[in-house]
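Hi,

Here is the structure we talked about.

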Amino acid sequence: MLRLVTDVHADHDVHPEVTMTQFDPDPPAPPVGADTVAELVTIEQFLDDRPTESVPRPLTSLLYDLALAGKLIANRTRRAGLTELMGASGVTNVQGEEQKALDLYADEVVTSLLRRGGRVCAIVSEERAEVTVVEGSGQYIVVHDPMDGSSNIDSNVSIGTIFGIYQRTTDVGGPPDESDWLRPGRDLAAAGYILYGTSTILVLSTGQGVHAFTLDPEVGEFVLTWSDMVHPDEPAYYSFNHSSSPLWEQGVGDFVAWLERPDTPSLSQRYIGSAVADFHRNLLHGGIYGYPAETGLPEGKLRMVYEGAPLAFLAEQAGGLGSDGHRRLLDIVPTSIHQRTPVFLGHRALVERLQAMVQGGDASSGEEASPES
Ligand code: AHG
Ligand code: MN
Ligand code: MN
């Protein structure tokens, strides 16, 4: 400390024109999302400013818990290569998929924080065979994929946490039951994801548009960086695992072939293999993400409750659409918590065109070049 003061004076002597006032440190550089510190909107402020009819206080608290989970998982994700977290845990989940250490860590963080917060009565996780029922007076059910894209962890590629929140319909006095979580996605009170990429971004909707908050790692706050996100009119990308195309039904193949025609919207193909990251890129730049049914995977790969429904909710809130190829995803009532579904998400007109082609309409013919036609 003494040395610092001495250094300042020494510097002052060398540059006599520099006054002590000028030695005062500048205000810290504004975190992302604001030109000045005064303009900065944290996720807490953003939610606190929402009318309580639309975002009741217990829901706000629950969202803070998920934001905190995101910070902890982001922190651990950054260190994955330095620790044992890249690898397999040696355990297989209920769906027969190998669990990574980070899958289990993320699940534990989300579950622990939600249990501690006292706002939830039940938690559905990809990594748990059964629903976790939480005693107490919690009014909400959280469904989540704690770590989406986990096959990408050891390649240092973006991964994320997907979540959806339902308000319980059963009486708070008694135990929750299936009717609280086997619900159509249109009942969601909120949905979102936390993407661990080049930065950590929390994307959220409580039914009033889609908003994104970027974690400033220096300050430790999620700061509003995009509000009222909408799918761009001009789609830029389509995201399908092309290697599976021989296994798709005819209509899906026809749709992708239509996309690739020179007179149709010229989309680039981008496929990360983390649905959450593919969805996010397409939300920013426009496009469609698809994981169709395949020969041998008649229901597709993604899970209805904690992947399809939350992402479809966000897609619709951003002016897009989510479909299983036949039906609006948000209208489907799941019959089990780990049920799979084909998923098509993104630009509304593209999803509608895909539906038309899957359902047998010959939408591939004609000269139309725009996604709407
Ligand atoms: P998860 O890591 O939660 O099991 O999800 C992985 C999913 C999804 O994120 C991604 O789009 C898809 O698997 C990729 O599968 P393919 O490798 O078969 O394309
Ligand atoms: Mn997933
Ligand atoms: Mn997962």
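Let me start with helix α10 (residues 348-358), which is mostly covered, with 8 of its 11 residues buried. Helices here are DSSP runs of H or I of at least four residues and strands are runs of E of at least two, numbered from the N terminus. Among the buried residues of α10 are Leu350, Val351, Leu354 and Met357. They pack against α7 (250-259), β13 (287-291), β14 (321-323) and β15 (343-346). After α10 comes Gly360, with a positive phi near 100 degrees.

A word on the source: this is a predicted model, where local features need pLDDT of at least 70 and side-chain atom pairs count only at pLDDT 80 or more, while totals for chains, interfaces and linings use all residues. Residues are numbered from 1 along each chain as its sequence is written, and chains are lettered from A and ligands numbered from 1 in the order in which they are written.

How confident is the predictor? pLDDT, its confidence in each residue from 0 to 100, averages 87 over the protein chain, and 85% of the residues score at least 70. Residues 1-31 stay under 50, and the model has 13 contacts for them beyond four places in sequence (a contact is two C-beta atoms, placed from the backbone, within 7 Å). Residues 364-369 are also below 50. Where pLDDT is low, the predicted coordinates should not be read in detail.

Now the interior. Leaving aside residues up to four places away in sequence, Val120 touches Leu62 and Tyr140, among others. Leu62 is also one of the buried residues of α4.

Finally, the sheet: 8 strands form an open sheet in the order β4-β3-β5-β6-β7-β8-β9-β10, with mixed pairing (strands pair if DSSP finds at least two bridges between them). β4 (132-133) and β10 (221-226) stand at the edges with a single partner strand each, so one side of each has no neighbour in the sheet. Strand β3 (residues 120-125) pairs with β4 in the antiparallel sense over 2 bridges, and Ile123 has Thr132 as its bridge partner in β4.

Best wishes

Note on methods. Buried ≥ 20, exposed ≤ 12 C-beta atoms within 10 Å, placed from the backbone. pLDDT = per-residue confidence, 0-100.
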